[in-house]
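Hi,

Here is the structure I promised to pass on.

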Amino acid sequence: MTGSVDVRVVGRSAAALRPSQALLWIVALGLLLGFAFQGSRGLWGPDEGRYVDAALQMLDSGNYMVPSYSPAELNFSKPPLTYWVIAESMQLFGRNTWAARLPYALAYLATLLVLFAMGRKVCPYKPWLPPLVYATSIFTFLTSNIISTDVLLTFAEGLAALGYMMFAWPGSASESRHGRWLMWLGFGLAFLTKGPPGLLPLLAVIAFTVLCEGWRAVGRLFAPAGLLVFLVVGFTWYALAISRYPWLFHYFIHDEVYGRIFTHMYVRHSGAFGWILVYAPVLIFGSLPWWGGAAGAVRAAASPSSWRMWRATHSIHLFLLLWVAIPFVIFCLAKSRLPLYLLPLFLPLALLVASRMAPTFDLALRRNALLLAAWLVVLLVIKALPAHGYGADIDDGVGSREVAATTAGIGYRALVFVERATDGYAIEEQTPWGMRLYLDKPVYGVRWMDADAAMQICGAIKAQGQSLLLVDHTIPRRDLDDALGRCRASITPVGAWRKDLLFVAGI
């Protein structure tokens, strides 16, 4: 399919830089923003510690097939690609936060390169503008350093969208063929990163194709070779995991798809107006400092005449709007809502904003260059703040040093957190999994209200030997003694850490 890319003709002098020069500047910008103060802050709980803990469990056990919190606790809440890249980075560069964050700095840089390639389709005289907008938007910059699935997902979805653009708006026949392969490779990586949410841009691809060419044209997207790439990359791990654990199929469908979309089981802003509370600040403040371009993009998107023109010309702008609108509506309807869910949508948003700004924005102007330089300084200062104590209350590195100081001279092989959590999801959120990186010991999380809580604690002690129990201060000592008496474990109090009482336990 060949359509219009809505290129606004501007003088080449406005572009200021040749594409090769611009690409080098984008790489330099990505290296600066992505790697500045790399590893200067500890792991922030609970999510960052949870991902790194699972990666360390893979390294320690040699089992890369089954994600786990500890030797006794499986963790299939996410596919394994995130854990794999963290584990391999730490295998190569050591067990430290710099290595744990390295894949995210590289993914951030790679995402800018993908946007540069897409920029050649959207605003060819200034292909550097979309990656510049993305790199310096406050939300995308701050999230680029967060260990999560979403940064990697954004790159994978961007790769898929770039492949589709090459297929739909090709510069040559070979580009069209390669584009379709690239699209399915990107969707395979996205599915291996986060499962079904990684395929949301595919809905935009299908919707755009139907609107512009009809249903019959959809079949051309699903070429056998491309689908084979997707299945091999995206589905192989799922097939192997389900063959080993048949109950996983029900878990994936019921908990990870149905539960997140239709139920309140994950307690993530599921109220009627939760989507406004979570997503409105992200879109409004997260697009800073590009509010002018964003306002222009919103005005164009709100114009019925623009939609009619874009549809009639098979415009790339219509695809970008569908790429934003369809996933966003689904995110709003789903009951599980978190700010990071919107990160991939900043790819089409950056392209739309850049397309509106391209005719007038010129970095050769001294004022624009100085404002950009000042904003870069602000971004770097914000990134440096955690190195000076900001976020210490959620920093697992700080918590680990506190525990180590309290237990100095005491030998133990594992940490067992016993919490009065309301459900299984709560114990995942309350356990500081990241302490494993700093104390080099397995971390267990036990929900005291579980019927087999005593068995879980005793199992950890038997498996690891003498262990440090970090017990919720509201749990009576007598009840704890009774529970551990079932496996004849002895416990000795050694102090307190925050709201937990510390005991050394052995059998």
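This is a predicted model: local features need pLDDT of at least 70, side-chain atom pairs count only at pLDDT 80 or more; totals for chains, interfaces and linings use all residues.

Below is what turned up on cysteines and salt bridges.

Let's start with the cysteines. Searching the whole structure gives one disulfide. The partners are Cys458 and Cys487, with 2.1 Å between their sulfur atoms. This bond joins distant parts of the chain, 29 residues apart: Cys458 sits in helix H22 (residues 453–464), while Cys487 is in the loop between helix H23 (477–485) and strand S6 (490–497). The torsion about the S-S bond is about -75°, so the disulfide is left-handed. Cys458 and Cys487 are both buried.

Two other cysteines are worth a look. Cys123 takes part in no disulfide, and the nearest cysteine sulfur to it belongs to Cys212, 20 Å away. Cys123 has a relative accessibility of 6%, so it counts as buried. Cys212 counts as buried too, because its relative accessibility is 14%, and the cut-off for buried is under 20%.

Now the charged residues. Side chains of opposite charge can pair when their charged atoms come close. In this model the count comes to 15 salt bridges, and a few of them are described here.

- Glu48 pairs with Arg101, and their closest N and O atoms are 2.7 Å apart. Glu48 belongs to helix H3 (residues 47–61) and Arg101 to helix H5 (residues 97–122), so this pair ties together parts 53 residues apart in sequence. Both Glu48 and Arg101 are buried.
- Arg498 and Glu402 form a salt bridge at 3.0 Å, N to O. Arg498 is in the loop between S6 and strand S7 (500–506) and Glu402 is in helix H19 (residues 396–406), so the pair ties together parts that are 96 residues apart in sequence. Arg498 is partly exposed, at 45% relative accessible area, and Glu402 is partly exposed as well, at 32%.
- Asp450 and Arg447 meet at 2.6 Å, N to O. Asp450 is partly exposed at 25% relative accessibility, whereas Arg447, at 16%, counts as buried.

One last thing to find on your screen: which residues are linked in a network of salt bridges? They are Asp53, Asp60, Arg95, Arg436 and Asp440.

Cheers

Definitions and conventions:
Residues are numbered from 1 along each chain as its sequence is written. Side-chain values use heavy atoms; hydrogens and water are left out. A disulfide is a pair of cysteine sulfur atoms within 2.5 Å. Helices (H or I, at least four residues) and strands (E, at least two) are DSSP runs, numbered from the N terminus. Buried means under 20% relative accessible area, exposed over 50%, partly exposed in between (1.4 Å probe, protein chains only). A salt bridge is a side-chain nitrogen of Lys or Arg within 4 Å of a carboxyl oxygen of Asp or Glu.
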